[in-house]
Amino acid sequence: MAQISLRQVEKRFGEFQAVQPVDLTINDGEFVVLLGPSGCGKTTTLRMISGLEAVTSGRIVIGDKDVTWMHPSDRDIAFVFQLYALYPHISVRKNITFPLEAQKVDKATIKKRLSMVTDLLRIQHLLRQRPGNLSGGDKQRVALARALVRQPAAFLMDEPLGALDADFRETMRAEIKRLHIQQGATTVYVTHDQIEAMAMGDRIVVMSAAVVQQVGTPADVYYNPANLFVARFIGSPGMNLISGKYADGIAHLPGNNRLNVPEPWRKSISNQLTGDDIMLGFRPEAARINGQGALRAEVYASDLHGAYNMIHLSLDEEQDEAMAHVRSSRGLNLAIGDQAAFDLDPEMIRFFDPHTESAVVLEA
Amino acid sequence: MTTVALKNITKRFRSVTALDDVSFSVHDGEFFVLLGPTGAGKTTTLRLIAGLEKQDKGHIYFDDEQIDTMTPAQRDVAMVFQQYSLYPNMTVFDNLAFPLRSPMHRLAEDEIKERIAETTKILHIHHLLERKTAHLSGGEMQRVTIGRAIVREPRVFLMDEPLSNLDAKLREALRVELEHIQKTQGGTTIFVTHDQVEALTLADRIAVLNEGKLVQIGTATDIYDRPASIFVAQLVGTPRINLLPAGRENGHLHIENSLLHLPQAKNNIDLPPTFTLGVRPEDIQPNENGQFPGRVSLIEPLGVETVLHIQVGEQTLISLVSGMARLDIGDEVMFDIAQDRLHFFGHDGFRVDVAKDEQS
């Protein structure tokens, strides 16, 4: 297996900048997810690593080889697409062993590797069938088996679960991750689904508008988003973001609410804000509705999500944006129009500069 | 507004029975959701109520009045579809005014203005009135489409997956707004979706359909806490409910291929010898002093919560815990199962109810 390095890798299509220069090192055995909305450059980045797309500038190194100008087939990688890309007219067995036969691998090795991947993916019983007769999930397993059997230096996966229905995505998500843990193969995985990225990635590369917004572990991007884009994109719903003004340790928020900014943040805010505009950020589980809460709002809607309730609060009905979504236990039942008071877990409060869109970083 | 009742509705398309003897009533002002997978008969039900299809058997009533022979226009319903059915070359204002200027519902221009002003304020589209709809984003177009239904003040709103073409964040935002609008305006609404989150969050009551049959009707809490069958249990909740083959054994409930023995409460002595045990992931919680041992086989951190796969014998249980779990793959854990929240299903797939009051 191998490390993958991107050094100032950039892609332009004529005038259009598809990927701004990016530096990224994917460690040997790591599972890295490229995450972002459609058009953000994540698939283009993956295609440059695979060699299906040429870089406009920069270098790509896999292991100790500079592969920037190598043909895809010389890069020792396996690509798994959203579409199953199986040969419909030959058996599952043949579909899986075909890449090995093309590489002239000897028969005994082929047999050994075939039995290993079919055990791993539990598809022994499908070997004689043709892909056309298989369910979506089984097809995806066969496609994975075909990638695995080659034992490449790295796996590149482009929304491999995109075509599956929701239930099955959950199952396959766990299965691919389990496979990764057993095999330890360096993997770059593209998705637009933040839940998938969080669940699977050792690290996540969040992209938007051709620019890498943040690289971090799931905990990093969830708890400490680098900017407003990441704060909104990660989480379901995203981070609550409330605009206000900052002065003398107090954030003045809509609805005449005042938040006493925790002492450790004050110096960092003063140093980093470009004006007096501030944006308070907190995750839905960071707020606790209780009678004595320091912040006041009106219940806009309240609904059951199965295991928990979500209370949607309006801090100021004149401002559409002044909404907070609060996760609460199922015991808490509030009606639309009720007044609610809430507190925030001081450990989970974050601040952003609305002009630069960057997070305020807590200084030591 | 209006109550809606379907009585013994059957609808066939050639040899396919799309709806099979379906009956339900929707209360005045209720948000009623039809939930089911593709092909369940949800859209057909909606089209029958709208008068776009004619049932083969049964009757439909609005406020106790049989409307079977009424045309769609006479029924005075407003439909909102997945696709935005707007006139692209008209302004938002003219799109909204269009149904109010039609010969059947003609209103004075003053009143049209007033209604549009009110509706667009609710939907946060008042700043778009002079814009041509072709220049709007997907979310704005769907707001205008919903606005065009609201502005008419119809007897019944019929909505067919109106949010499903929007991206996840927009869908979430508009869902909450729709909930607020419906609950504060109180129009009788029948809403079709295959998305269980939409159903749970929006509905006063949910009707679950499968292959043309009505499977269960109840509040979101009923459907989630007391699913009538394995089908319904799997349809709601993410991650999916754990379904484990189990049996009675020496006064215990034994989960097959595991070492799990749950104490059998007095109240479930009526259980068949073998059955399917359903346990929601949030009802399995690791706990230092927990009752059962297992091994963590996979961890999926989602931010607000973490999905843990816990291996017990040959069974893997899915557990949902708050926040980021401080566990590693391979860790031995002790865990508890909330024994007052177990679901029992017989061989026919239907719920076997155990009397709660007898619980010791």
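Leaving aside its neighbours within four places in sequence, E363 of chain A is in contact with K267(A), S268(A) and N271(A), where contact requires that the C-beta atoms of two residues, placed from the backbone, lie within 7 Å. This is a predicted model, in which local features need pLDDT of at least 70 and side-chain atom pairs count only at pLDDT 80 or more, whereas totals for chains, interfaces and linings use all residues. Residues are numbered from 1 along each chain as its sequence is written, while chains are lettered from A and ligands numbered from 1 in the order in which they are written.

E363(A) lies in the segment after β20 (350–352) of chain A; helices (H or I, at least four residues) and strands (E, at least two) are DSSP runs, numbered from the N terminus. E363(A) is exposed because 11 other C-beta atoms lie within 10 Å, given that a residue counts as exposed at 12 or fewer such atoms, as buried at 20 or more, and as partly exposed in between. From V149(A), E363(A) is 214 residues away in sequence and 49 Å away in space, C-alpha to C-alpha.

The domain assignment of chain A, which comes from an automatic or database source, gives domain 1 (4–229) and domain 2 (239–352). Taken over C-alpha atoms, the centres of these two domains of chain A are separated by 39 Å.

Between the chains, 30 residues of chain A are in contact with 31 residues of chain B. On the chain A side, the elements that give two or more residues are α5 (166–183), α6 (194–200), α7 (218–223) and β16 (295–304), and α5(A) gives the most, with six residues. By class, this side of chain A has 16 nonpolar, five polar and nine charged residues, with Ala, Val, Leu, Ile, Met, Phe, Trp, Tyr, Cys and Pro counted as nonpolar, Asp, Glu, Lys and Arg as charged, and the others, Gly among them, as polar.

The predictor gives the complex an ipTM of 0.91 and a pTM of 0.91.
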